[in-house]
Amino acid sequence: MYDTNYHRASSVEEAVKLRSSQDEARYLSGGMTLIATMKQRLAAPSDLVDLRHVASMKGISVEGRKVRIGAGTTHAEVASSSALKSVCPAICHLAGMIGDPHVRHMGTIGGSVANNDPAADYPSAVLALNATVVTDRREIVADDYFQGMFDTALEEGELITAITFEAPEKAGYAKFPNPASRYALTGVFVAKGASGVRVAVTGAGSNGVFRATDIEIALSASWSSDFVASVAVDAGQLMEDMHATPEYRANLVKVMAKRAVAMAG
Amino acid sequence: MGMEGIGARVARKEDKRFLTGKGRYTDDMVVPGMKYAYFVRSPHAHAKITGINVSAAKAMPGVIDVLDGKQLQADGIGNLICGWMIHSKDGSPMKMGAWRPLAVDTVRYVGDAVAIVVANSVAEARDAAEVVTVDYEELPAVITSVAALEAGAPQIHPEAPGNLIFDWQIGDGAATDKAIAEAAHVTEIEILNNRLSPNPMEPRAALGVYDEAEDHYTCYTTSQNPHVARLVMSAFYNVAPENKLRVIAPDVGGGFGSKIYIYPEEIVCLWASKKTGVPVKWTSDRTEAFLTDAHGRDHVSKVKMAFDKDHRIIGLKVDTIANLGAYMSLFSSAVPTYLYATLLSGQYAIPAIHANVRTVYTNTVPVDAYRGAGRPEATYLLERTMEVAARELGVSPAELRRKNFIRSFPYQTPVIMNYDAGDYEASLSAAMSAADWDGFAARRAEAEGRGKKRGIGMSCYIEACGIAPSQAVGSLGAGVGLWESAEVRVNAVGTIEVLTGSHSHGQGHETTFAQLVADRLGVPLASVNIVHGDTDKVQMGMGTYGSRSGAVGMSAIVKALDKVEMKAKKIAAHLMEADESDIVIENGALKVAGTDKTLPWFQMALAAYTAHNLPAGMEPGLKETAFYDPSNFTFPAGCYIAEVEIDPDTGKTEIIQFVAADDFGNIINPMIVEGQVHGGLAQGIGQALLEEVRYDETSGQLLTASYMDYAMPRADDLPSFKLSHQNTPCPSNPLGIKGCGEAGAIGSPPALINAITDAIGVEITMPATPLKVWQALQAAQPRMAAE
């Protein structure tokens, strides 16, 4: 790790101000990606603005079907929230499968969504739930937010403060983990709600998280895992690496979609 | 056996410090004035070094010095060597290329060390290393053993034309060819044994301390055999004479073979300490460990197994190519020869065997012994071949094995080994019964109803441990003897220190060795301390590898205890005015048999040291040393059964049950033995299902350089294991011990692959990842994808 300056922010305003006062500053939330990257000297921020003490970014609120998850909420908190479980158990299930217990107690939803790792779990939930990414300056709908691998609609210095969504009628998440890293080799989040059926795939797309529209159409016609089987998944846009071929990922998209639907009930 | 003696499940004495974070590892060592090293390493798999510029690095903050290979060479530090001479079948010696501790003109794998930076902190050393400019002229690289032997392949060492290190054979080729020609059936198979990274929890580290006033060096390092390290660094690398070099291997967090060898870093840290005048510490990070720790396995083999009409094996022919990486590591030549091909008879009476082994250089990390070392390769080859043969012959795998088992001992195989004892049927029966083999068909039918493919597979392994009779290995090319030493020191108050040449890096010697002493002398376990790992404290010893510490290391302790007991009895007889032959040792006291005369152990010890009243002519004190040289290898054997269920939608294998029935001879501490088997099984399952080192075959870049891409087994990848032990005591050592450290890793991979191929009906290579299983199923049944 290179030398870096540490700042502890106590409010969103202070965090944004600290971040903007330095050219090479970065926000630090759980640090589960950033710190590891810095240790390998693959990232060298001049300054780190620690968000973990910003109270307004923490916690989960559920009012009726409206859900707000503070960006600083850890995966473990999401996984174990009984309020969230009562309206959207699928997201709790997803959070409980991220990394290992250490990662789940440090990593946050805001950090994961801001990083937009193509194999991270949360982007699929945010996209399938038609969630809104709330920042210090605006609200961004999920369809506009994800722009490719590690690429988002966030402007320089823009800070995610919360993720909000309307709890779906049904939702499910199924993930086939990479045997080495346990990131999603392919993960599929399915949701049926006010905005219809939405199916989002992580871990598989060569351009990051994406909506599987053919599966959405099939499930809109009939919400059943059998219906998924009839859909042809094009391997053309899927990733190839040493762990999986595009054809294998295409297969996993269908298999995980079926399982996610079965879980959603 | 008592509560603490042989056979007792005593909790490990060393666990308190390990589990509370109080272990003392090399990286925990702090000496006054200590500075930190960072190595500049080659980013290329193969390149000429045309220039090294360190001036900018030397000017960086905190930097003490930057040293390169030319300086090291100028100071007379020698090249790293392989310590086991193998001759090719044409009689020529193996062709060893030069391995300089710091590369001078050529780098041969990604991670090859080029220069060392010494600075006030690791961060400053690393900062400076980043500005060392090394000019490289890239050369084409070759990664796989098969490609390295092809005409026109890049030439890696001038000493080894065509990258061939040796072309060696064992056994009777003519008799084997004749058997194959006359066979009723020949099973032919190609076997790939995947390349593995050892991944001990503690990465390698070295701290070199040069004392100018005494002209003396101390090396703290992560070694499985500190005495051998000292010997080799003195005799071959010219670091310092042995009396001027102390090697300390303190707590070591696992080795699995990878910490047997002497690596460049410890040599360079010692030399750099003298050069810079400060103690120099280096600790590998995990990426460096992936890049530079010696890898294991990497064999490509062709097999022909010949059967007569009654399904008896009449011949076995093996042709193996073994990848030794860019340089010959310390025991690299022995692994694919005498630790591999000598085990090709397995548990079977095979009248004719011939194996040919070619070893080759490639632009990859050196390959050497890794848990099992040659024996997993032999077992995998043989047990996969047996399974395929059983399927081809239409007989059950158990029956084919039973028909060919060796049943009378001693048994001389056609490939050197003389098996002394065993009961292969006992382990096979125990394993099949524990696995409910006969109930498998019903379980498979039930699984099929759930859309799952269920398979069962077995593996009957044998290995050679207790390495090794010195004269025998000497005649086969070993550069060292493979005996072990022990010193038993009885203190004046009766407490005991045992100084052993074995080294404990997870095996639990502090407990099991103490159990032996407690059992023999009736003293409490708490009054026995085991001392190891320091060449200044402990007499010359050979260290720990090849499951040898029990069979060889403890046998040395037995010999020393024999001497202690003899002298103690003499003293007791003298003090109690009895005949020496009437003295017995019971519950911590020396007694005159058949009387009520008794002398507490500590009083006898005190008498030995006060020396006020000893038998005439007896020297004071009570301390005895012994060296034990085994008369034979030991032969642990057993039967493993794996039952798996495969999800055809994803290709994922779930291990439903894993049964291990092992014959380790007598057992000192069943709990520790079970732990060793559990760990070995985890590594074997890792090899079979998850682990594989992958290089880019063009650039030679290591693709699996972190746990993001190298899949280690986790707890949830493993089932609960069903273990049992059969016991045919080893006749060649006083405790009847065979060794248990490697069996799990040796026996498990073929059992798993046999189970998986049973489930999916097609062949597959290790690791059987979900991707590969799914692809195999697709190829076999193109239309059965996730419908």
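**Close-up views of a predicted model**

**View 1. Helices H10 and H19 of chain B.** In this predicted model, helix H10 (residues 375-393) of chain B and helix H19 (residues 743-760) of chain B have axes that come within 8 Å and cross at roughly 30 degrees. Angles under 35 degrees count as roughly parallel, and H10(B) is therefore roughly parallel to H19(B). The crossing of H10(B) and H19(B) is right-handed. On the H10(B) side the contact is formed by B:Arg375, B:Pro376, B:Thr379, B:Tyr380, B:Glu383, B:Arg384 and B:Glu387. These residues meet B:Ala745, B:Ile746, B:Gly747, B:Pro749, B:Pro750, B:Ile753 and B:Asn754 in H19(B). Sorted by class, the contact of H10(B) with H19(B) has seven nonpolar, three polar and four charged residues.

**View 2. Helices H18 and H19 of chain B.** Helix H18 (residues 670-690) of chain B also packs with H19(B), at an angle of about 40 degrees and with the axes 7 Å apart. This angle makes H18(B) oblique to H19(B). The crossing of H18(B) and H19(B) is right-handed. From H18(B), the residues in contact include B:Val677, B:Gly679, B:Gly680, B:Leu681 and B:Gln683. Among those of H19(B) in this contact are B:Ala743, B:Gly744, B:Ser748 and B:Leu752. By class, the contact of H18(B) with H19(B) has ten nonpolar, eight polar and no charged residues.

**View 3. The contact between chain B and chain A.** Chain B contributes 17 residues to the contact and chain A contributes 14 residues. Within the side of chain B that touches chain A, the largest share, three residues, comes from helix H20 (residues 770-780) of chain B. The residues on this side of chain B divide into eleven nonpolar, two polar and four charged.

**View 4. The surroundings of B:Lys403.** B:Lys403 lies in helix H11 (residues 397-404) of chain B. Because B:Lys403 has 15 C-beta neighbours inside 10 Å, this residue counts as partly exposed. Not counting residues up to four places away in sequence, B:Lys403 touches B:His311 and B:Arg312. B:Lys570 is 167 residues from B:Lys403 in sequence, and the two are 55 Å apart in space, C-alpha to C-alpha.

Note on methods. Residues numbered from 1 in each chain as written. Chains lettered and ligands numbered in written order. Predicted model: local features only at pLDDT ≥ 70, side-chain atom pairs only at ≥ 80, totals over all residues. Axes fitted to C-alpha atoms, helices over the stretch in contact; angles between N-to-C directions. Helix = DSSP H or I, 4+ residues; strand = E, 2+ residues; numbered from the N terminus. Parallel < 35°, antiparallel > 145°, perpendicular 65-115°, else oblique. Left-handed = near helix turned anticlockwise from the far one by under 90°. Contact = placed C-beta atoms within 7 Å. Nonpolar A, V, L, I, M, F, W, Y, C, P; charged D, E, K, R; others polar. Buried ≥ 20, exposed ≤ 12 C-beta atoms within 10 Å, placed from the backbone.
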